[in-house]
Amino acid sequence: MKSEFDRRIALALADQELRKNFKGAMHFLRDKRLQAIGDPQIWENMRTEGARIRENVLNHLPELLEQLEANCQKNGIQVHWARDGDEANHIILSIAQKHQVRQVVKGKSMATEEIELNAFLAEAGIECLESDMGEYIVQLADEKPSHIIMPAIHKNKQQIHELFVNKLNAQGDPNDVDRLIGVGRSILRDKFRQADMGISGVNFAAADSGTLCLVENEGNGRMSTTAPPIHVAVMGLEKVIPSLNTLSTLLPLLTRSATGQAITTYINMISGPRKPGERDGPTEVHLVLLDNGRSAIHQDNDMQSTLACIRCGACMNHCPVYTRIGGHAYGSTYPGPIGQVITPQLKGLEQNAALVSACSLNGACGEACPVKIELPSLIRRLRERVAKTNPQNSLSERWLWSIWRWLNIHPRIYHWLTRCASWLHWIPVAGPKSWRKERDFPQLAANPLRHRMRIRKQQTKKAGPDD
Amino acid sequence: MTNTARTDILNRLRKSRPTPKDASAETGATEPRLVHQAESDLHIELSKQLSLNRAQVVESTQLTLSSTLAELAREHAIRQLLVGTHPDFHPPCEHAMSSVDGTVLLYNKDYEAQCDNLFNEIDAGLTSVQAAVAETGTLVIIPSRDEPRMLSLAPPIHIAVVKSDCPVYANLKQLMHEPLWQKTEMPTNIIFVSSPSKTADIQQTLAYGAHGPRHFIVILLKD
């Protein structure tokens with residue numbers, strides 16, 4: 001039976017415009033990253049250092065969170081703890097209601113996407129406007145982000161032009177991106193002034209100084225955290241770092257991996273509300289520490305490294321599956337490889353079993369990850385769990401795998417059979433029907449790789465060690 | 001509710017104790033890549049990187065600052081220039097703006113009292129710079145009572161004046177090795193600025209002036 005996920009994949013694959021948009025965008029982002037990382041050895045050292053910093057954070061997570069809380073409070077930031085999305089939403093609503101908030105502007109935040117804050121506030125009669133250009137476009141189209149860094153990546157400029165004509169009555173040249181951005185700018189600048197509350201995410205929070213760090217290019221993050229009288233920052237509890245000086249490693253890893261930039265336009269470090277005598281900035285700053293399944297991941301030794309993620313999006317940019325089906329097909333807040341790992345853990349493996357199957361285990365995501373999360377291993381571990389608890393594959397598939405397993409632990413027979421198969425140009429079983437339906441069976445080589453390697457080795461030996 | 005949530009979450013996190021790692025690595029701070037570069041080289045690199053990031057870099061001196069500002073005011077049609085309350089740059093700004101029939105305004109009221117003006121009337125905001133990073137072309141700006149946060153954000157043009165004694169670091173590692181970053185008491189807000197406000201959210205096409213300044217002008221003072 002086809003799952004919802006299968007249906008969405010089929011739809012995405014049939015949408016030529018969507019595929020073109022993603023293909024172009026992913027090529028662009030991969031090239032930019034490659035140019036930005038420079039010397040591969042230095043980059044590798046930075047990744048190692050970044051991985052170590054994040055691993056240490058996870059090893060000291062409760063202490064760091066307590067330290068962050070204490071120092072934020074010392075700085076005048078009010079700290080709230082939320083076990084799940086519902087609790088976080090209610091905390092934010094109660095702050096809003098206390099100040100009679102009607103209008104909220106929001107900087108880009110995946111944590112608030114995860115808890116579906118916009119819809120929750122809308123039900124309470126509070127309008128929550130996205131201020132990141134991509135998020136604004138997505139909200140205007142009544143859609144969800146299809147990428148964690150570039151939310152409107154599934155749309156091209158013509159589609160955005162049409163959206164602006166329909167929703168904002170903004171006519172003009174559809175190819176003029178500056179004009180389109182100008183439309184968003186003028187609308188949103190009014191909203192920043194009018195908003196009663198600003199909501200933002202957090203990229204890093206330094207425990208030893210109680211500082212919230214936001215990374216951005218547009219300035220909407222600065223606007224949302226400076227103009228309105230109240231600022232509420234929502235952060236997944238794994239985003240804590242021991243101190244700001246770890247940023248000298250983590251920031252370049254994040255910005256190079258995400259958008260191929262050595263640094264973004266703005267790095268915004270907030271250590272408290274407006275002090276007496278200061279002329280601007282919010283008079284209240286709140287920090288909501290969101291668990292929502294993270295502490296359970298933390299307890300799961302095999303999967304804990306999921307929480308090392310710094311949300312750069314490089315794994316999806318390098319994923320051949322994501323590049324072809326796009327972000328919406330996954331049907332989850334976080335798409336791509338990291339989404340395939342996070343979603344089943346946050347929302348239940350059984351309900352999201354199909355997600356972990358959308359992977360060819362090619363390993364590109366793991367190689368691209370700036371903090372060396374072994375995403376392919378994590379996906380494989382989840383697959384194992386699915387197979388153990390809820391085997392969905394057909395009888396013939398299971399039967400085939402058991403033969404495959406038997407052959408692989410009997411190498412002589414295995415090699416003899418591959419030899420026969422290449423002589424005969426034929427393999428007795430080509431897999432269950434579902435495997436063959438949309439794939440061509442690969443041609444067997446006349447000589448098995450193992451045989452060719454042996455010949456090559458002999459030739460190298462003859463040629464001498466210096467060759 | 002929040003208190004029990006706090007206890008619950010922390011208890012759950014404490015239950016998972018995988019492999020206690022070396023505590024000395026806790027800060028993640030390794031030896032900084034101490035690159036000893038001549039100061040002049042750092043200034044050249046800073047200027048180059050800023051220009052690459054679409055900042056307009058102008059060299060000047062204390063003496064010529066007012067004429068530099070007047071030229072910039074003419075080039076960008078700046079009529080209202082907003083400055084902080086610190087008197088350092090007041091004389092050259094006054095001089096420059098009077099030569100183009102413009103005015104200098106002081107950010108001496110609370111944001112709420114002048115918000116419309118800030119967003120709609122002011123052509124440019126001028127700030128000082130507390131430090132710079134050459135490798136990435138980054139200016140470190142620490143807003144204060146004298147130079148509030150909106151000064152470098154709301155007006156469509158941001159002019160940043162880098163004095164000759166402003167410390168320029170080779171890279172982020174060296175900057176963050178400095179005492180400020182080891183302190184536990186931080187200013188309300190610190191900003192790193194490396195270009196005009198920009199976005200590539202529409203079909204990866206870079207557009208400047210997303211929400212903040214469209215133009216980022218950096219004046220490097222040479223004395």
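Contact, in this report, means heavy atoms within 4.5 Å, while helices (H or I, at least four residues) and strands (E, at least two) are DSSP runs numbered from the N terminus. Axes are lines fitted to C-alpha atoms, for helices over the stretch in contact, and angles run from 0 to 180 degrees between N-to-C directions. The structure is a predicted model, in which local features need pLDDT of at least 70 and side-chain atom pairs count only at pLDDT 80 or more, whereas totals for chains, interfaces and linings use all residues. Residues are numbered from 1 along each chain as its sequence is written, chains are lettered from A and ligands numbered from 1 in the order in which they are written, and side-chain values use heavy atoms, with hydrogens and water left out.

**The sheet of chain A**

In chain A, 6 strands form an open sheet with parallel pairing, in the order E1-E10-E7-E4-E2-E3; two strands count as paired if DSSP finds at least two bridges between them. Strand E1 (77-82) and strand E3 (127-130) of chain A each have a single partner strand, so one side of each is left without a neighbour in the sheet. Ignoring direction, neighbouring strands of this sheet are turned by 25 degrees against each other on average. Helix H4 (residues 61-74) of chain A lies across E1, E7 and strand E10 (284-290) of that chain, and runs at about 145 degrees to E1(A).

**The sheet of chain B**

Chain B also has an open sheet, in which 6 strands with parallel pairing follow the order E1-E12-E7-E4-E2-E3. Its edge strands are strand E1 (56-60) and strand E3 (103-106) of chain B, each of which pairs on one side only, and the twist from one strand to the next averages 25 degrees.

**Where the chains meet**

At the interface, 96 residues of chain A are in contact with 80 residues of chain B. The two chains bury about 8,000 Å² between them, 54% of it on carbon and sulfur atoms, where buried area is the accessible area (1.4 Å probe) that two parts lose on being put together, summed over both. Arg185(A), Arg193(A) and Arg279(A) supply 10% of the area that chain A buries against chain B, more than any other three residues.

A salt bridge is a side-chain nitrogen of Lys or Arg within 4 Å of a carboxyl oxygen of Asp or Glu, and by this rule 8 salt bridges cross the interface of chain A and chain B. In one of them the side chains of Arg193(A) and Asp116(B) meet at 2.2 Å, N to O. On the side of chain A that touches chain B, helix H10 (residues 177-194) of chain A gives the most, with 9 residues.

**Salt bridges over all chains**

Over all chains, the structure holds 24 salt bridges. Among them is a pair in chain A, where the side chains of Arg7(A) and Glu4(A) meet at 3.3 Å, N to O. These two residues are separated by about one helical turn because they lie 3 residues apart in helix H1 (residues 4-14) of chain A.
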